[in-house]
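I opened this model to look up a few points and keep notes on them. The entries below are in the order in which I went through them.

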Protein chains: 2
Amino acid sequence: MTSTTLKKIAETLGYSISTVSRALKHHPDISAATRNKILELANSLDYEPNSFAVHLRTQDSKLIGIMVPAISNFFYESFISAIEEECRKNGYSIMILQTANDPNIEAENARLFRQNRVSGVFACISAETQNFDHFTKLTELNIPIVFFDKVPPMEGLNKVCMADEQAGALAATYIIKANKKRIIGLFGDPRLSITTKRLFAFKSTIELASQKIALSVLHANTSENAEQLINEALSQSKKPDAIFCMSDELLIGAMKAIQQKERKIPKEIGVISISNGFIPKLFYPEITYVETSGYKLGKLSFSHLLACIAGLALPQELTLDSILVEGRSM
Amino acid sequence: MTSTTLKKIAETLGYSISTVSRALKHHPDISAATRNKILELANSLDYEPNSFAVHLRTQDSKLIGIMVPAISNFFYESFISAIEEECRKNGYSIMILQTANDPNIEAENARLFRQNRVSGVFACISAETQNFDHFTKLTELNIPIVFFDKVPPMEGLNKVCMADEQAGALAATYIIKANKKRIIGLFGDPRLSITTKRLFAFKSTIELASQKIALSVLHANTSENAEQLINEALSQSKKPDAIFCMSDELLIGAMKAIQQKERKIPKEIGVISISNGFIPKLFYPEITYVETSGYKLGKLSFSHLLACIAGLALPQELTLDSILVEGRSM
DNA sequence: AAATAGTCCGCAAACGTTTGCGGTAATATT
DNA sequence: AATATTACCGCAAACGTTTGCGGACTATTT
């Protein structure tokens with residue numbers, strides 16, 4: 001069986017194609033009688049408008065693209081869920097593409113978005129991305145982009161981020177209150193603005209509070225890298241009494257090292273992280289974390305992108321406040 | 001700036017649209033000279049064929065749909081990654097839809113697939129699904145469906161699954177060889193075929209090996225539930241020396257209980273699970289597991305779907321062998 | 001009774017491709 | 001020198017919609 005078209009309905013009922021088309025969308029030009037006849041037949045034939053024809057004709061794809069490093073990440077997953085919900089409400093479809101943190105795949109994905117004439121894009125860039133041509137090509141075609149989470153350093157773009165400074169400061173304050181004195185701050189790629197922001201706030205909050213706190217800042221790009229670094233740190237004679245991890249990935253590595261060294265949490269060492277919440281709850285005791293809600297970020301991002309598509313929003317940077325969720329790890 | 005079309009290229013170069021179209025796909029009718037001129041201009045204008053027009057004309061969407069309960073699951077995530085890789089190679093795009101285990105959303109998603117004229121579908125059904133009309137509608141339109149992981153009970157469908165019995169037996173054999181005598185088997189919802197299959201194979205393998213092994217089978221539906229059960233089990237005087245978890249979710253709960261009771265792995269207690277591999281590697285020592293590779297399943301599923309789309313494969317059920325990945329947890 | 005307004009519907013163009021067919025000019029064959 | 005072949009390119013239809021415009025007919029107003 002082949003799919004049913006307007007033409008088929010028109011022919012079996014003896015109407016013109018335009019009448020059928022109008023009837024199906026309740027155009028006032030069509031009488032109730034014929035409208036009902038048409039609707040009934042369309043229904044029984046499971047008519048679905050051919051989206052390719054529709055989009056070709058209307059020049060509006062009703063498609064939005066999402067580009068993330070990996071969908072397995074719980075932060076992105078909840079972000080995507082939020083977008084998905086909104087898209088369902090507003091008649092949009094989603095095209096999800098993963099970059100695996102590879103700038104080449106990122107560029108290729110941008111090309112795919114262009115090819116599919118997406119109406120708008122959500123993009124979380126990879127750490128290595130230096131060349132942003134593939135994104136500017138999109139903006140040249142009037143395809144609005146909302147960067148989220150990991151965003152380019154340039155001005156004049158749409159950016160939606162967690163309040164990274166606030167999150168860093170929140171974690172630092174918590175550590176200070178817990179009276180920790182030898183702290184390891186585990187941060188990600190220093191080329192990312194998310195890293196510099198969190199690092200700056202974390203560091204300056206600690207320095208402002210007391211000179212007696214020893215802070216050692218480490219950078220790791222992978223979970224394995226983090227594990228190794230923390231392993232080394234725990235082997236030294238001057239034992240740290242608190243570890244801060246700015247991401248889930250780093251937390252995973254740190255926790256493996258702590259388990260390996262059999263350090264008791266929170267007695268021997270305190271742990272705090274910035275996270276979406278899934279990973280911290282895998283351990284006992286559950287890890288205290290500053291929450292970065294992908295879901296809320298998604299909702300905020302979507303409304304902004306919609307405004308951009310409608311042409312009634314200028315490029316701007318939005319931030320979302322974060323809250324602290326207490327486990328028993330400090 | 002508006003996007004460039006064949007027409008625009010044709011006009012600026014003084015060729016017909018058909019010549020431009022043919023030149024761009026290296027049709028032998030076009031001379032090398034004009035082909036190069038056209039390719040050059042197209043390149044400098046960043047020409048991308050309008051996929052809506054292409055698909056409308058060719059009646060081939062080059063789009064495949066994936067329906068999963070949730071993309072946050074690591075098993076599905078790796079499945080999707082495999083599909084994504086293959087799609088990239090074969091010029092397909094992907095449309096990912098989540099069902100949240102809701103049969104209504106599942107039906108709605110099937111409608112979206114129809115509307116977007118997907119070339120094929122991968123579907124993992126939700127546990128509650130009783131009505132399969134939305135799927136039969138797709139097959140009526142010659143849209144092949146490959147069910148994977150959680151599949152309908154009916155015959156004559158394309159199904160790709162893990163070898164669940166084998167996985168259960170493999171884990172049991174490993175425990176037996178490790179000479180464990182007091183085993184806890186932690187299983188999921190007994191109504192699911194995946195549970196009964198794994199349980200049956202696990203149990204009978206153990207019973208067959210020795211009468212001296214004490215096996216206690218527990219059922220949990222959530223991570224919290226599992227944590228509580230294992231917590232109780234570890235509190236009893238007769239301490240278990242091995243725990244088997246049939247899923248990541250259960251493993252998470254079990255590990256929290258073990259950490260809480262501060263049991264040393266593998267000295268005091270051995271742990272083994274069935275998993276995709278992500279969760280077992282979060283701990284130190286890493287947990288030994290029987291691998292259910294979503295990635296491999298994805299590769300297998302894709303080649304089968306491609307065969308179905310090409311019309312050279314009949315409905316059949318495929319199973320994928322599982323292998324044991326050793327950690328240091330037993 | 002004539003003019004006006006309103007109701008309901010069809011014609012045809014357009015969106016950007018792909019592709020069968022036919023045509024012209026140049027080249028090769030007898 | 002006449003014919004057959006080849007190389008290269010354009011015409012036009014089709015995919016399934018949407019939508020401006022106009023046409024026919026009925027109902028209302030003057």
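This is a predicted model: local features need pLDDT of at least 70, side-chain atom pairs count only at pLDDT 80 or more; totals for chains, interfaces and linings use all residues.

**Entry 1: a helix pair in chain A.** I looked up how helix H1 (residues 6-13) of chain A sits against helix H3 (residues 32-44) of chain A. Their axes are 11 Å apart and the packing angle is about 125°. I therefore put H1(A) and H3(A) down as oblique to each other. The crossing of H1(A) past H3(A) is right-handed. Which residues make the contact? From H1(A) I listed A:Ile9, A:Thr12 and A:Leu13, and from H3(A) A:Lys37, A:Ile38, A:Leu41 and A:Ala42. Sorted by class, the contact of H1(A) with H3(A) has five nonpolar residues, one polar and one charged.

**Entry 2: chain B against chain A.** I then turned to the two chains. On the chain B side 35 residues are in contact with 37 residues of chain A. I asked which elements of chain B give two or more residues to the side that touches chain A. They are helix H4 (51-58), helix H5 (74-90), strand S2 (93-98), helix H6 (103-115), helix H7 (133-140) and helix H11 (248-260) of chain B. H4(B) gives the largest share of that side, five residues. By class I found 15 nonpolar, 11 polar and nine charged residues on the side of chain B that touches chain A.

**Entry 3: DNA strand C.** How many residues surround DNA strand C? I found 25, and the closest are A:Ser18, A:Thr19, B:Leu6, B:Ser18 and B:Ala53. Two or more residues come from each of helix H2 (17-24) and helix H4 (51-58) of chain A, and from helix H1 (6-13), helix H2 (17-24) and H4 of chain B. H4(B) supplies the largest share of the surface near DNA strand C, five residues. I counted the classes on this surface as 10 nonpolar, 10 polar and five charged residues.

**Entry 4: DNA strand D.** I repeated the look-up for the other strand. DNA strand D is surrounded by 25 residues, the closest being A:Leu6, A:Ser18, A:Ala53, B:Ser18 and B:Thr19. At least two residues of the surface near DNA strand D come from each of H1, H2 and H4 of chain A and H2 and H4 of chain B. Here the largest share, five residues, comes from H4(A). The residues near DNA strand D divide into 10 nonpolar, 10 polar and five charged.

**Entry 5: a sheet in chain B.** I traced an open sheet of six strands with mixed pairing, in the order S7-S6-S8-S9-S10-S12 (chain B). Strand S7 (214-219) and strand S12 (323-325) of chain B are at the edges with a single partner strand each, so one side of each has no neighbour in the sheet. Neighbouring strands of this sheet are turned by 20° against each other on average, direction ignored. Strand S6 (residues 182-187) of chain B runs parallel to S7(B), and six bridges join them. In this pair B:Gly185 stands opposite B:Val217 in S7(B).

**Entry 6: helices on the sheet.** Helix H8 (residues 164-177) of chain B packs on the sheet and touches S6, strand S8 (242-245), strand S9 (270-275), strand S10 (288-291) and S12 of chain B. The direction of H8(B) makes about 165° with that of S9(B). H11(B) also packs on the sheet, where it touches S6, S8 and S9 of chain B. I noted about 145° between the direction of H11(B) and that of S8(B).

Methods
Residues are numbered from 1 along each chain as its sequence is written. Chains are lettered from A and ligands numbered from 1 in the order in which they are written. Axes are lines fitted to C-alpha atoms, for helices over the stretch in contact, and angles run from 0 to 180 degrees between N-to-C directions. Helices (H or I, at least four residues) and strands (E, at least two) are DSSP runs, numbered from the N terminus. Angles under 35 degrees count as roughly parallel, over 145 as roughly antiparallel, 65 to 115 as roughly perpendicular and the rest as oblique. A crossing is left-handed if the near helix is turned anticlockwise from the far one by less than a right angle, and right-handed if clockwise. Two residues are in contact if their C-beta atoms, placed from the backbone, lie within 7 Å. Ala, Val, Leu, Ile, Met, Phe, Trp, Tyr, Cys and Pro count as nonpolar, Asp, Glu, Lys and Arg as charged, and the others, Gly among them, as polar. A residue is near a molecule or strand if its C-beta atom, placed from the backbone, lies within 6 Å of it. Two strands pair if DSSP finds at least two bridges between them.
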